[in-house]
Structures are given as structure tokens and as C-alpha cells.
Amino acid sequence: MPGTDTLTSAATSAAPHTQATSPAAEAASSPGRGLPGWWSFIEDRILLNVATILMMAAIGFMFYEASSRSLLSESHWWAEELVRFLVVWSVLLSLGVGTRHGHYIRMDLLLNMMPHRVRMAFAWLNSLIGLAFSVLLVIAGFQEVAHLQAIGMFTESNLDLPLWTVRLVLPLGGVLYGFAFVGNIILLLRGHDPDPPVEGENL
């Protein structure tokens, strides 16, 4: 029938437009595009899982401490201190990944209004400043770790952990944070916007 042929051809011609996605949406759905596969594997499969395990452990110890206080009227100082350590380690290990995936407070309205070249220029500026800050964090972290190791200071609670092992997360987190900006620079060199102005980006 002529009417059926017309509807079929119209649906066929409209199908590619329905399935097509913009480059910005494609880049937002895969923030690691343009980077080596092992890079994304380390970030998404190792660092995020380790950070999640540490945060879940912190929640577990926090629940234990709260239950012990309310039910047994006992408080464990080591639990409070351990929760702080676990939360700090979890945040610093995942800070670089979260930054490169765009999970931080930013002015999306202003970014969306900028032309592509201006956004890329600000992406370069952001990556270079972030990399410089990461280097300073690594240097300061190593200096603090070396100082704490030299004086032999331990944690305050009865955990009696060498404090330098706890503060080791500062230079380690700085290195991981710096790698996030190095990844952004690699994407910029390959012509990709590391932080496309598209909402709804997921890890």
C-alpha cells in the first residue's frame, strides 16, 4: 500500500537520527576515552574499589562504636581514630579519579556558555594548575612523612600505629591526584575535552 510504504520509509530515515549521539555526550559517557586501557582499569577497577572498601570499613567501625556507646556504655578511642584514618585514605585515593570524572562543584552554566576554544583553554589552565598543586602536595607530604619517621611519633589512641605510615597517604594521594591531571593533559593533546559540559556523568 502507498501509505504503508511512506510510513516505512519515514521511520527508516528517522532511525539514524534517533540513535545518533553527540560527541560531547559520548565523551561524557566515557571520561577515559583517549587514554590507555590500563589507565582506566587502574582508576575504575582498583582505586575506586579500594577507596570503597576503606569507606565501608569506616562505616562499619563507626556503627560498632555507636552501638557500643548506646548499648554497652563503652567508648573505644581507637575506633574513632581509625574511622578518621580510613575516611582520609578513602578520599585521597579517589580524589584524582573523581576530579577527572567531573565529580566536583563547578559553574556548569558558565562553562556551557563558553565557546569550545575558550573551554579548552580553561581546561589547559586547570590541568596545569592542578598538576602544580599535586607536585607541591607530594613534596610537602614526603617532608612530613620523613619528619614523622625521624622523630618516631605514634598515633594518639592505643592503636599505636607509626604516624608516618598514616600520613603516607598525603604524598600517595598527591601522586594519584597529579596522574588525574596528566590524564587530562593527554586528552587535551589528543583533541578531547577532558571535562565536557554535559550533565549526568557517571563513574
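Leaving aside neighbours within four places in sequence, S94 is in contact with L48 and A51, where contact means heavy atoms within 4.5 Å. S94 has its place in helix α4, helices here being DSSP runs of H or I with at least four residues, and strands runs of E with at least two, numbered from the N terminus. The C-alpha atoms of S94 and A51 are 6.1 Å apart, although 43 residues separate the two in sequence. S90 also lies in helix α4, which covers residues 77–100. S90 counts as buried, at 4% relative accessibility; buried means under 20% relative accessible area, exposed over 50%, and partly exposed in between, with a 1.4 Å probe and protein chains only.

The model is a predicted one, in which local features need pLDDT of at least 70, side-chain atom pairs count only at pLDDT 80 or more, and totals for chains, interfaces and linings use all residues. Residues are numbered from 1 along each chain as its sequence is written, and side-chain values use heavy atoms, with hydrogens and water left out.

Taken as a whole, the protein has eight helices and zero strands. Of its 203 residues, 34% count as buried. Among contacts with a separation of 6 or more, 77% come from residues 24 or more positions apart. The protein exposes about 12,600 Å², of which carbon and sulfur atoms supply 70%; accessible areas come from the Shrake-Rupley method with a 1.4 Å probe, and for residues only the protein chains shown count as cover.

Charged pairs come next. There are four salt bridges, each defined as a side-chain nitrogen of Lys or Arg within 4 Å of a carboxyl oxygen of Asp or Glu. R69 pairs with E65, the closest N and O atoms being 2.9 Å apart. These two residues are separated by about one helical turn because they are four residues apart in helix α3. R69 is partly exposed at 46% relative accessible area, whereas E65 is buried at 6%. E65, R69 and E80 are linked in a network of salt bridges.

Another salt bridge joins D193 to R119, with 3.5 Å between the closest N and O atoms. This pair links distant parts of the chain, as D193 is in the segment after α8 (169–189) and R119 is in helix α6, 74 residues apart. D193 is buried, with a relative accessible area of 14%, and R119 is buried as well, at 16%. E144 forms a salt bridge with R167, the closest N and O atoms being 2.2 Å apart. E144 lies in helix α6 and R167 in the loop between α7 (163–166) and α8, so the pair ties together parts that are 23 residues apart in sequence.

Finally, the largest pocket holds about 380 Å³ of space. On a 1 Å grid over the protein atoms alone, a pocket is an open set of points with protein on both sides within 12 Å along at least five of seven lines, and lining residues have an atom within 4 Å of a point. The lining of the largest pocket has 18 residues, with Y104, L111, F122, N126 and D195 nearest its centre. Two or more lining residues come from each of α4, α5 (108–113) and α6 (116–151). Helix α6 gives the most to this lining, with five residues.

Technical notes. 1 Å grid on protein atoms, 1.4 Å probe; cavity = no way out; pocket = protein on both sides within 12 Å on 5 of 7 lines; lining within 4 Å. Points joined across faces, edges and corners; volume = space filled by probe spheres on them.
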